[in-house]
Amino acid sequence: MRRFLSCCLVLCTFTLHTHAQSLYMPRDIQRAYQKGTRSPDGRPGKNYWQNTARYDITVRAMPPDRNIRGRETITYVNHSPDTLKTLTFRLIQNIHQTGAARDGDAGADYLTSGVEIDSFSVAGQARPTNWAGPATVKVVPLAKPLLPHDSVRMQVAWHFPISKQSGREGMIDPTTYFLAYFYPRVAVYDDYAGWDRIAFTDSKEFYNDFNDYTLRVQAPANYIVWATGTLQNPQQVLQPAAAKRLEQSMTSNEVIHVATAADLAKKSITTQAPMNTWVWKANDISDVTLGLSDHYVWDAASVVVDPATNRRASMQAAFADATKDFHSSVKFGQNALGWFSRNWPGIPYPFPKMTAFQGFADMEYPMMVNDSPQEDLGFAQFVQDHEIAHTYFPFYMGINESRYPFMDEGWATTFELLIGRVERGEQKANEDYKQFRMGWVSNPAANQDLPTITPADELKRGAGTNAYGKPSISYLALKDMLGDELFKKCLHEYMNRWHGKHPIPWDYFNSFSNAAGKDLTWFFHNWFFTNNYIDLAVEKVDQAKKKSSVTIQNIGGFAVPVDMKVTYADGSTETLHQTPAIWQADQRHATVPLNAKKTVKSIELAGGIFVDANEKDNKWTAK
Ligand SMILES: [Zn+2]
């Protein structure tokens with residue numbers, strides 16, 4: 001650490017570049033900076049690299065048979081400077097095996113026999129696999145090491161039974177399947193941790209490279225398939241009228257019913273061959289997912305997501321006709337795609353499509369969400385907005401969710417609030433935020449106030465708090481302190497530097513300090529590296545003829561904004577907004593000047609969504 005600091009002081013001319021080094025940095029991350037794969041100003045380093053692959057996948061589903069069969073060709077490209085003697089594979093479906101390490105319990109309907117590998121070859125040579133057993137991570141020795149800048153071609157055939165109980169994937173009903181994490185994939189090998197071998201234990205999420213995919217899904221006639229990517233052969237798999245409606249939806253603001261219940265009853269949607277092969281392509285994307293059903297209806301429309309080019313994105317929904325809220329899914333989705341593109345984060349929706357699929361998960365995938373039905377339409381929109389917001393984090397930004405989920409959930413939670421204020425009104429959105437995202441403040445038992453930077457795979461009870469509410473409210477505190485314009489400039493700088501790559505928290509911290517042109521280290525240390533929580537108190541009020549002030553004590557420690565409601569003896573009131581900047585000099589006490597011409601009768605601190613753990617000490621009244 002110290003050696004790194006001195007070498008950096010020599011190299012860097014801007015003092016800004018050296019500030020972030022006062023933030024704790026784990027030793028594996030320090031090595032990445034030493035190797036120049038990441039730059040102290042927050043940019044990818046001159047030696048930055050990441051690996052990639054091409055996946056050509058064919059998968060077959062024949063409901064109600066639960067067996068899913070797949071084969072794939074993977075061309076894995078080693079852009080690293082390292083010679084790889086092994087590859088690491090992920091078999092996420094093994095989470096369903098009896099004996100798999102899991103964060104929660106598993107009922108009988110969740111359990112399956114897991115993934116069975118039928119064949120595996122490397123460079124055309126059949127290789128034995130030792131892939132039995134419930135582990136979700138498998139290390140494969142290579143007969144011939146994979147040299148830097150070389151690639152290796154592998155073929156895998158596998159099968160697994162889809163689980164009856166559906167979570168992020170599984171059976172939705174006997175003839176509706178949602179397939180995610182359904183193919184063996186190469187784990188991420190990166191510049192700071194090497195092979196990502198963090199076991200998938202269900203509650204934590206994922207970390208993927210950006211790959212190119214061709215996905216072929218074989219399903220019987222009258223099964224519609226929805227998937228990540230652009231459908232390559234609508235004319236082959238759809239009857240002409242249905243294909244035409246789908247095409248019309250690509251330029252239609254109005255919702256088009258591509259497949260209604262009546263269409264499905266008439267068997268007038270899919271081509272009437274025994275099996276149809278649906279082909280999708282998606283490039284430079286972190287995953288592919290699919291849903292299929294013989295009775296889900298299909299809505300579609302589109303919306304302009306890039307006013308500069310008039311580029312439209314398709315919004316589609318697949319659901320049981322009887323599910324009320326999903327009939328609004330496409331309208332809600334058009335609004336979300338457009339709003340996120342124009343406002344927050346204010347970057348055009350980066351994909352050609354989004355499909356909302358009715359399931360149970362409330363989960364995001366690239367170009368797809370799997371959401372549970374909701375009685376309350378407003379809540380349905382809230383959930384769908386959140387999942388669509390994930391398009392930016394983790395998918396556009398390549399976040400390591402298993403180690404740093406605050407880098408994606410925190411942002412999705414922030415965007416969910418900001419869009420919700422427009423959709424449901426500021427008061428209702430703020431109430432929802434306090435209810436769903438800020439409960440941790442007054443519930444110390446649910447969270448040991450562990451620093452947000454703590455790798456999530458080391459956490460159990462505190463993981464949710466550290467992934468959602470705590471980082472989200474930190475982003476909102478920073479927005480309050482910098483103001484919307486500067487905050488957005490910093491956010492865009494960070495996103496432009498790192499989209500399609502693998503940013504880590506220090507890239508976020510350093511990019512924001514660098515783009516803001518001011519040292520924000522104190523702020524990031526306060527929010528990410530401490531055991532702070534939110535609790536302010538009025539410490540004292542000094543009233544003198546020429547100079548009056550109030551001193552606020554920061555008991556919890558987080559650098560939050562606050563509204564001070566001041567009531568004067570003459571009955572007048574004013575609200576003085578204080579940004580988190582008041583905590584920069586002294587993070588425990590801040591003295592704020594008051595109008596000395598009037599006598600103060602009472603002062604009340606109001607945090608709003610910055611929920612205060614103890615509001616009893618937030619009020620001062622003159623004796
Ligand atoms: Zn989320």
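**A loop residue, then the rest**

A: Let's start with one residue. Ala 123 lies in the loop between strand 4 (116-122) and strand 5 (125-126). Keep in mind that this is a predicted model.

Q: OK. Is Ala 123 buried or exposed?
A: Ala 123 is exposed, because its relative accessible area is 59% and the cut-off for exposed is over 50%.

Q: What about the backbone there? What is phi of Ala 123?
A: Phi is near 50° at Ala 123. That is a positive value in a residue other than glycine.

Q: Where is His 149 found?
A: His 149 sits in the loop between strand 6 (137-146) and strand 7 (151-161). With a relative accessible area of 62%, His 149 counts as exposed.

Q: Let's zoom out. How many helices and strands does the protein have?
A: There are 16 helices and 30 strands.

Q: And how far does the C-alpha trace span?
A: About 90 × 60 × 50 Å along the principal axes.

Q: What does the radius of gyration say?
A: The protein has 26 Å. A compact globule with 623 residues would have a value near 25 Å, so the two agree.

Q: How much of the protein is buried?
A: Buried residues make up 60% of the 623 residues.

Q: And the surface? How much of it belongs to carbon and sulfur atoms?
A: Carbon and sulfur atoms hold 51% of the accessible surface. The total is about 24900 Å².

Q: Switching to charges. How far apart are the mean positions of the positive and negative ones?
A: They are 4 Å apart. The protein has 64 positive and 66 negative charges.

Q: Now the metal. Which residues coordinate the zinc ion?
A: His 386 and His 390 each use NE2, and Glu 409 uses OE. The distances run from 1.9 to 2.1 Å.

Q: How are those donors spaced along the chain?
A: The spacing is H-x3-H-x18-E. The pair His 386 and Glu 409 links distant parts of the chain, 23 residues apart. His 386 is in helix 8 (residues 377-389), while Glu 409 is in helix 10 (residues 409-424).

Q: Why does His 386 count as buried?
A: His 386 counts as buried because its relative accessibility is 5%, and buried means under 20%.

Q: And Glu 409, buried or exposed?
A: Glu 409 is buried, with a relative accessible area of 3%.

Q: Back to the backbone. Where are there cis peptide bonds?
A: One joins Pro 63 and Pro 64, with omega about 5°. Pro 64 is in the loop between strand 1 (52-61) and strand 2 (67-77). Another cis bond runs from Trp 344 to Pro 345, with omega near 0°. Pro 345 belongs to the loop between helix 7 (329-342) and strand 21 (353-358).

Q: Last one: where is Ser 22 found?
A: Ser 22 is in the loop between helix 2 (16-19) and helix 3 (27-34). At 54% relative accessibility, Ser 22 counts as exposed.

Q: How far is Ser 22 from Lys 501?
A: Their C-alpha atoms are 25 Å apart in space. In sequence, Ser 22 and Lys 501 are 479 residues apart.

Notes
Residues are numbered from 1 along each chain as its sequence is written. This is a predicted model: local features need pLDDT of at least 70, side-chain atom pairs count only at pLDDT 80 or more; totals for chains, interfaces and linings use all residues. Side-chain values use heavy atoms; hydrogens and water are left out. Helices (H or I, at least four residues) and strands (E, at least two) are DSSP runs, numbered from the N terminus. The radius of gyration is taken over C-alpha atoms; the globule rule is 2.2 Å times the number of residues to the power 0.38. Buried means under 20% relative accessible area, exposed over 50%, partly exposed in between (1.4 Å probe, protein chains only). Accessible areas come from the Shrake-Rupley method with a 1.4 Å probe; for residues, only the protein chains shown count as cover. Lys and Arg count as positive and Asp and Glu as negative; His and the chain ends are not counted. The place of a charge is taken as NZ of Lys, CZ of Arg, CG of Asp or CD of Glu. Donors are N, O and S atoms within 2.8 Å of the metal (3.2 Å for Na, K and Ca); water is not among the atoms, so sites may look incomplete.
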